[in-house]
Every structure is written in structure tokens, then in C-alpha cells.
Amino acid sequence: MSVDQTQDIAGGDQEATATVETMAATAAASYPVAPGYRLNVRSGPGTGYSVVRVLSEGAEVRINCQTPGTRVSGPYGTSNIWDNIGSGQYVSDTYVRTGSDGYVAARC
């Protein structure tokens, strides 16, 4: 193997590492819950699922993935997008300031 081939492989590894780091940074983004709201966290993506806990005012959430569910109206509009914030934990995207009316994370 020539030196040039070794450098090409190393360069490829650096690009792959940068891509993984970028994906991790995106996944680690925190989004604020609408001011003045205590937000119900549900066991599934809809209002028919049980409340597993309540987020306090001023909370921030990390969105693992998003999925369609019950259509809800909240301070940031009306949507059927639900944010997965943990195992068996979902909140309506209409109460989370993501800066978008659409998906900002991978679908669950």
C-alpha cells in the first residue's frame, strides 16, 4: 500500500468522525418548553395515553425522535407531531419551541 492510499483512508476516517460528532451535537440540542406551562409527559404520542410525569415551568427537553399522534393545539400552533424525550415519554411538539412547524429530529 502506498503512502497516498493510507492518507486517503485516514482522511475518510476524519470525515466520518466529524459526521458522527455533528449528529451527536444535533441530537443533544435542548429545546425550551413554552413559558408559563407545566407540560404533561405521556406514555405515548397522544392525549389518550397516561401522564407519566409533569415538566415544571422553564423546563428544557432533548428530543430523541418525533412521531405523529393526536392532533393538539398549543402555544406554538396546532400539530400532530409528538416529541420522544425518553423511553416511553412523549410531549406535544406544540408546547416545545423548536423553531419549526415540522420535524426537527428523526422519526421514531
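This report covers one aromatic pair and one disulfide in a predicted model.

## Basis of the values

The model is predicted, so local features need pLDDT of at least 70 and side-chain atom pairs count only at pLDDT 80 or more, while totals for chains, interfaces and linings use all residues. Residues are numbered from 1 along each chain as its sequence is written, and side-chain values use heavy atoms, with hydrogens and water left out.

## The aromatic pair

The structure holds one aromatic pair (rings of Phe, Tyr and Trp, the last by its six-membered ring, with centres within 6.5 Å; planes under 30 degrees apart are stacked, over 60 edge-to-face, the rest tilted). Distant parts of the chain are linked here: Y37 sits in the loop between β1 (30–32) and β2 (39–42), and Y95 in the segment after β7 (89–92), 58 residues apart. Strands are DSSP runs of E, at least two residues, and are numbered from the N terminus.

Y37 is partly exposed, at 34% relative accessible area, whereas Y95 is buried at 19%. Buried means under 20% relative accessible area, exposed over 50%, and partly exposed in between, with a 1.4 Å probe and protein chains only.

## The disulfide

One disulfide is found in the whole structure (a pair of cysteine sulfur atoms within 2.5 Å). C65 and C108 form this link, with sulfur atoms 1.9 Å apart. The pair joins distant parts of the chain, C65 in strand β5 (residues 65–74) and C108 in the segment after β7, 43 residues apart.

The link of C65 and C108 is right-handed, with 95 degrees about the S-S bond. C65 is buried at 14% relative accessibility, while C108 is partly exposed at 47%.

Definitions and conventions. Helix = DSSP H or I, 4+ residues; strand = E, 2+ residues; numbered from the N terminus.
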